[in-house]
Amino acid sequence: MNRVRIAMRCLPIVAALAVPALASASPAIATRSDVFRESVRPAGQRRLEAAQTFARGDRVVTIVRWYRLGGKGGFTIVNPLPSGTAYQDSAREAQEVSVDGGRTWGQLDRLRIDGRDATAEDVTHVRWRIPASIAERGSGRIAYSAVVR
């Protein structure tokens, strides 16, 4: 089986912060990403396994953990998908995706690219808006899946 190495451990996460009028009030956050390969057992049970290499067709699950280090208010987490993967789904319904490198955002079923409806294969970035009410908890996690092309 041809194995491909994808730089997926501790993926680069870009934390785009909503900047209020007072910069000192904006939240300071840290993020951490862990990537797992999903395997299916003979009995149909699904299992996540840490992996350094992935093969074409592998389903990978990325878990992004965020920690608010200070400040107030909500924030936005932006995650670029690694090249060589195709977006599948997010654990949160409120995620937005970009199909143009992060220039425009929306729900996948409402985006167009090159005159056609965008598909999961076109997704380049995923983002989640964390409202102040959730950010106040101090930490959280978001998961999304992709398939290795």
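Accessible areas here come from the Shrake-Rupley method with a 1.4 Å probe, and for residues only the protein chains shown count as cover. On that basis the protein chain exposes about 8600 Å², with carbon and sulfur atoms supplying 49% of it. The structure is a predicted model, so local features need pLDDT of at least 70 and side-chain atom pairs count only at pLDDT 80 or more, while totals for chains, interfaces and linings use all residues. Residues are numbered from 1 along each chain as its sequence is written, and side-chain values use heavy atoms, with hydrogens and water left out.

Helices (H or I, at least four residues) and strands (E, at least two) are DSSP runs, numbered from the N terminus. Along the sequence the pattern reads β-β-β-β-β-β-β-β-β-β-β-β-α-β. Of the 149 residues in the protein chain, 40% count as buried; buried means under 20% relative accessible area, exposed over 50%, and partly exposed in between (1.4 Å probe, protein chains only). Contact means heavy atoms within 4.5 Å. Take the contacts in the protein chain between residues at least 6 apart in sequence, and 73% of them join residues at least 24 apart.

Five strands make an open sheet, ordered 4-3-6-13-8 and paired antiparallel. Strand 4 (46-50) and strand 8 (85-90) sit at the edges with a single partner strand each, so one side of each has no neighbour in the sheet. On average, neighbouring strands of this sheet are turned by 35 degrees against each other, direction ignored. Such angles use axes that are lines fitted to C-alpha atoms (for helices, over the stretch in contact), and they run from 0 to 180 degrees between N-to-C directions. Two strands pair if DSSP finds at least two bridges between them.

Leaving out residues up to four places away in sequence, serine 90 touches Gln95, Trp128, Ile142, Ala143 and Tyr144.

Next come the aromatic rings. Rings of Phe, Tyr and Trp (its six-membered ring) pair if their centres lie within 6.5 Å; planes under 30 degrees apart count as stacked, over 60 as edge-to-face and the rest as tilted. By this rule there are three aromatic pairs. Tryptophan 128 and tyrosine 144 form a tilted one, 5.9 Å centre to centre with 40 degrees between the planes. This pair links distant parts of the chain, with tryptophan 128 in strand 12 (residues 125-130) and tyrosine 144 in strand 13, 16 residues apart. Both partners are buried: tryptophan 128 has a relative accessible area of 1%, and tyrosine 144 comes in at 2% relative accessibility. Ring pairs link Tyr87, Trp128 and Tyr144 into a cluster.

Strand 12 is largely enclosed by the rest of the structure, because five of its six residues are buried. Strand 12 pairs with strand 7 (residues 75-80) in the antiparallel sense over six bridges, where tryptophan 128 is the bridge partner of isoleucine 77. Strand 9 and strand 12 also pair in the antiparallel sense, over three bridges, and valine 97 stands opposite valine 126 in strand 12.

Two loop residues are worth a look. Valine 99 lies in the loop between strand 9 (96-98) and strand 10 and is buried at 8% relative accessibility. Among the residues that valine 99 touches, not counting those up to four places away in sequence, are Leu108, Leu111, Ile113 and Val123. Valine 99 and alanine 120 are 21 residues apart in sequence and 8.8 Å apart in space, C-alpha to C-alpha. Aspartate 114, in the loop between strand 10 (112-113) and strand 11 (116-117), is exposed at 75% relative accessibility. Phi of aspartate 114 is near 50 degrees, a positive value in a residue other than glycine.
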